[in-house]
Amino acid sequence: MAESTVRRTPGPRWRGKPATTWPIHVILIGASVFMVVPFVWQILTVFKTTAEVTRIPPTILPGDLSLHSFETFFSTVPFWSMFAVSTGSLALRVVGQIVVAALAGYAFARIPFRGRNVLFGLFIVMLMVPSQLFLIGQYELVRDLGLLDTLPALAIPGLFSAFGTFLMRQAFLTMPKDYEEAARLDGANTFQVFWYVMLPMARPMLAALAVLTGLYSWNDLLWPLIVSPSGENRPLPVGLAGLQGQFGTDYPTLMAGAFVCSIPLVVVFLVLQRQFFAGIASSGLKG
């Protein structure tokens with residue numbers, strides 16, 4: 001009679017192995033606390049008085065919860081007009097940069113032409129140059145076009161991005177060529193392959209690029225100060241900067257304004273976070 005064999009169910013893989021991941025968790029928890037503390041301090045400062053903010057030693061918890069800082073912010077800063085300018089500039093930048101970067105990235109990744117690598121190398125070199133060096137040339141271009149103190153003037157420099165082109169090129173390089181070849185066998189031209197086949201597959205990277213571009217556009221301060229001398233088309237960062245006085249600053253009001261201005265970005269990130277992380281992971285930028 002054949003001896004029956006008893007198949008044992010293997011236990012968890014972690015049994016018998018030393019717990020070597022706890023230092024990583026401790027480091028990550030510490031880094032998370034380090035990043036969250038400034039935000040928590042900002043929220044607490046909103047409900048403090050100016051005396052509590054400037055007190056030494058500092059006051060951690062506000063003595064009396066008050067919404068006076070929000071009232072002062074909305075009465076001092078033309079929030080809704082600046083919010084409309086920020087939103088319009090963000091929309092123009094995001095849409096324009098996605099279109100330009102997607103087309104340029106697809107060309108660098110999939111269309112062979114003479115000097116492609118050299119031209120892409122020049123794009124990468126632009127990432128090493130501070131953006132402030134282009135301010136004079138950009139200002140003269142906007143002035144000659146007669147667009148000073150207008151909404152398009154805020155968005156024009158943000159339509160072109162070497163970093164966005166690099167991200168989209170990385171996304172298209174990771175895609176298999178089988179889909180592209182199958183579309184060409186069906187009679188699709190280059191633009192049809194890009195629009196109907198490759199671009200839908202790059203949605204995670206498009207979401208990542210949209211979040212990064214929107215973050216940069218929403219926080220831009222220097223360029224609006226240059227191209228909007230009259231102040232009629234200035235975004236929210238300019239309004240926040242105006243709350244900082246030469247001899248003193250109302251920090252509760254400033255923190256209240258910063259909190260209100262950060263809410264739209266937080267909402268956008270929460271909506272697109274899955275696509276954002278998927279796009280960054282597929283771009284080759286992950287550690």
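1. The nonpolar surface patch draws its largest share, 4 residues, from α4. This is a predicted model. The patch consists of Val-95, Val-99, Val-100, Leu-103, Phe-160, Phe-191, Trp-195 and Tyr-196. Together they present about 850 Å² of accessible area. Both α4 and α10 (190-201) supply at least two residues of the patch.

2. Is Phe-160 buried or exposed? Phe-160 has a relative accessible area of 57%, so it counts as exposed, the cut-off being over 50%. Phe-160 belongs to the nonpolar patch, and it is also among the residues closest to the centre of the largest pocket.

3. Now the largest pocket. Its volume is about 940 Å³. The lining has 32 residues, and the closest to the centre are Ser-131, Pro-157, Phe-160, Ser-161 and Tyr-216. Helices α4 (79-110), α5 (116-126), α6 (135-144), α8 (162-173), α11 (203-218) and α12 (222-227) each contribute at least two lining residues. By class, the lining divides into 21 nonpolar, 9 polar and 2 charged residues.

4. The second largest pocket has a volume of about 450 Å³. Of its 17 lining residues, Val-211, Leu-215, Leu-265, Val-266 and Val-268 are the closest to the centre. Which helix gives the largest share of this lining? That is α14, with 7 residues. At least two residues each come from α4, α11 and α14 (251-282). The class count for this lining is 13 nonpolar, 4 polar and no charged residues.

5. Trp-41, Thr-45, Lys-48, Glu-52, Val-53, Pro-58 and Thr-59 line it. Two or more of these residues come from each of α1 (22-46) and α2 (50-53). The lining splits into 3 nonpolar, 2 polar and 2 charged residues.

6. A last point on α4. This helix supplies at least two lining residues to the largest pocket, and at least two to the second largest pocket.

Terms used:
Residues are numbered from 1 along each chain as its sequence is written. This is a predicted model: local features need pLDDT of at least 70, side-chain atom pairs count only at pLDDT 80 or more; totals for chains, interfaces and linings use all residues. Side-chain values use heavy atoms; hydrogens and water are left out. On a 1 Å grid over the protein atoms alone, a cavity is a set of points where a 1.4 Å probe fits but cannot get out, and a pocket is an open set with protein on both sides within 12 Å along at least five of seven lines; lining residues have an atom within 4 Å of a point. Grid points are joined across faces, edges and corners, and a volume is the space filled by probe spheres set on the points. Ala, Val, Leu, Ile, Met, Phe, Trp, Tyr, Cys and Pro count as nonpolar, Asp, Glu, Lys and Arg as charged, and the others, Gly among them, as polar. Patches are made of residues with over 30% relative accessible area and no salt bridge: like charges are joined within 9 Å, nonpolar side chains (Val, Leu, Ile, Met, Phe, Trp, Tyr) within 5 Å. Accessible areas come from the Shrake-Rupley method with a 1.4 Å probe; for residues, only the protein chains shown count as cover. A salt bridge is a side-chain nitrogen of Lys or Arg within 4 Å of a carboxyl oxygen of Asp or Glu. Buried means under 20% relative accessible area, exposed over 50%, partly exposed in between (1.4 Å probe, protein chains only).
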